[in-house]
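Here are my notes on the model, as numbered points. Please read them with the structure open.

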Amino acid sequence: MAFEKMKIKKITCIGAGYVGGPTMAVIAQKCPEIKVTVVDSNKKKIEDWNGPLEDLPVFEPGLSEIINKTRNKNLFFSEDVKKAIVESEMIFIAVNTPTKTTGEGAGMACDLKYVIKCAEMISKYSKSNKIIVEKSTLPVRTAETIKRVLDKYSDNIHFEVLSNPEFLAEGTAIQDLYKSDRVLIGSEQTLSGKKAADKLVSIYEKWIPSEKILRSNVWSSELSKLASNAFLAQRISSINSLSALCEKTGADIDEVSQAIGFDHRIGPYFLKVSPGFGGSCFQKDILNLVYLCRHYGLEEVADYWHGVVKINDYQRDRIVKTIYNYSTTNKLEKKISILGWAFKKNTNDSRESSSIYVAFNLLKLNYEINVYDPRVESERIIYDLILLGVNKSKIKEKINIVNSLDKIISLDYPIAIMTEWEEFFDLEKLSNLKILDFRNILSKNNVKYRF
Ligand code: NAI
């Protein structure tokens, strides 16, 4: 069926993670006439999406309420990838796109193996024309690769590939999806490409004002996502780099940040000093951007963006040094309690969290560490350390995961506050303790440390 005549009645999303789950829940809620199926190769994850609302695999404020209203009405979580592909007119690919660990581009380039696998499955199972939507963040010109794979196994089936990158932020995902600053849809500039884009626009138009739905060519759309993340991370690294200068000069980083942010051309967002950005996206997307720039021979541009990641590493190192200096100056034992393991508040996601790197380096210095996070499970905390190469016996010996704020306070170790969870703002509770508050790291000769 030609795309202009196609009616979108069934949507599939491959990947039931932090993007696939919330995004499809909102589409299902806003489009009750569409059947939305989210599939994943991870059986346990699908079981959890179908399980109790308090144990969904993704924690986001407002998400469980939507799941409660839509699940098994027009929103389904399934392991049956084949069936979901066959019956859908539109398929979103929202699988992970991590940094490559081996082969050409290891440590920098984006690993497309999960995306390619999706394209292969779609190509093998499809029996009718389909619109394929790239939701994952991808390097520029990935759509070309996807199209090649799609056409490999299927004759006489027309696939139109759209780029529709996701701009939600974890912790505010539902609000971001309800009131997106913009929805970006990249398509081939052919009649068929534009018609396919119309179909996706008509879904978003159910709740997003049309002036916020931007259309572009596929390559601009793919690059815009990488560039947006690079800009956001660059602001964090900019303010964090200045926090080091504030320490040396006696300037107060909060005052500097406020003064900068009052300029309407700059604005106040993402100017808060911190232990460095974490999350699964910023670092990998910038490294990917750097890799692309080098691939095209743009060494100066690559170096410029690489600096953003280097400053982030530098900020994490500074925190480790600060804790170490604090212990030695005060002749204390090597003990610390870390408050906050998630990379930011209001999420259970700890991927690339600065807490992991700080703990990892403190373990190398032989610290004993208590950890508390309101949402990250202890298995995940252990897994994060194992991923960095810490062995299980060291974790057993040196890491103590605690299940409440009161408990960690009662242990009376110096406390490093790493994440801005609301419950850590109640400093009354912590008033008799030694606090290193890295949510607002370093200012005015370190007075932000309350020892
Ligand atoms: P995730 O790791 O939470 O979820 C990805 C899911 O895809 C996993 O559950 C995995 O089992 C599944 N999967 C992988 N290969 C599969 C296959 N062949 N068949 C079926 N399922 C498969 O990842 P997340 O965070 O949802 O990110 C997905 C993409 O969205 C990435 O490209 C990321 O860069 C991008 N993104 C992420 C944002 C975030 O805040 N997490 C925000 C915007 C974009």
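1. Helix H9 (residues 218-249) packs against helix H11 (residues 282-295) at an angle of about 115 degrees, and their axes are 9 Å apart. Axes are lines fitted to C-alpha atoms over the stretch in contact, with angles from 0 to 180 degrees between N-to-C directions. Helices are DSSP runs (H or I, at least four residues), numbered from the N terminus.

2. The model is predicted: local features need pLDDT of at least 70 and side-chain atom pairs pLDDT 80 or more, while totals for chains, interfaces and linings use all residues. Numbering starts from 1 along each chain as its sequence is written, and side-chain values use heavy atoms, without hydrogens and water.

3. Which residues of H9 meet H11? They are Leu223, Leu226, Asn229, Ala230, Leu232, Ala233 and Ile236, and their partners in H11 are Phe282, Asp285, Ile286, Asn288, Leu289 and Leu292. Contact here means heavy atoms within 4.5 Å.

4. The ligand is surrounded by 26 residues, the closest being Asp40, Lys45, Thr97, Glu170 and Lys284; the cut-off is a heavy atom within 4 Å. This shell divides into 9 nonpolar, 9 polar and 8 charged residues, with Gly classed as polar. Helix H5 (residues 113-125) gives the largest share, 3 residues.

5. Ligand oxygen atoms lie 2.6 Å from a side-chain N or O atom of Asp40 and 3.0 Å from a backbone N or O atom of Tyr18. Taken alone the ligand exposes 830 Å², of which the protein buries 92% (Shrake-Rupley method, 1.4 Å probe).

Technical notes
Polar contact = N/O pair within 3.5 Å; in protein donor to acceptor, adjacent residues only side chain to side chain. Helix = DSSP H or I, 4+ residues; strand = E, 2+ residues; numbered from the N terminus.
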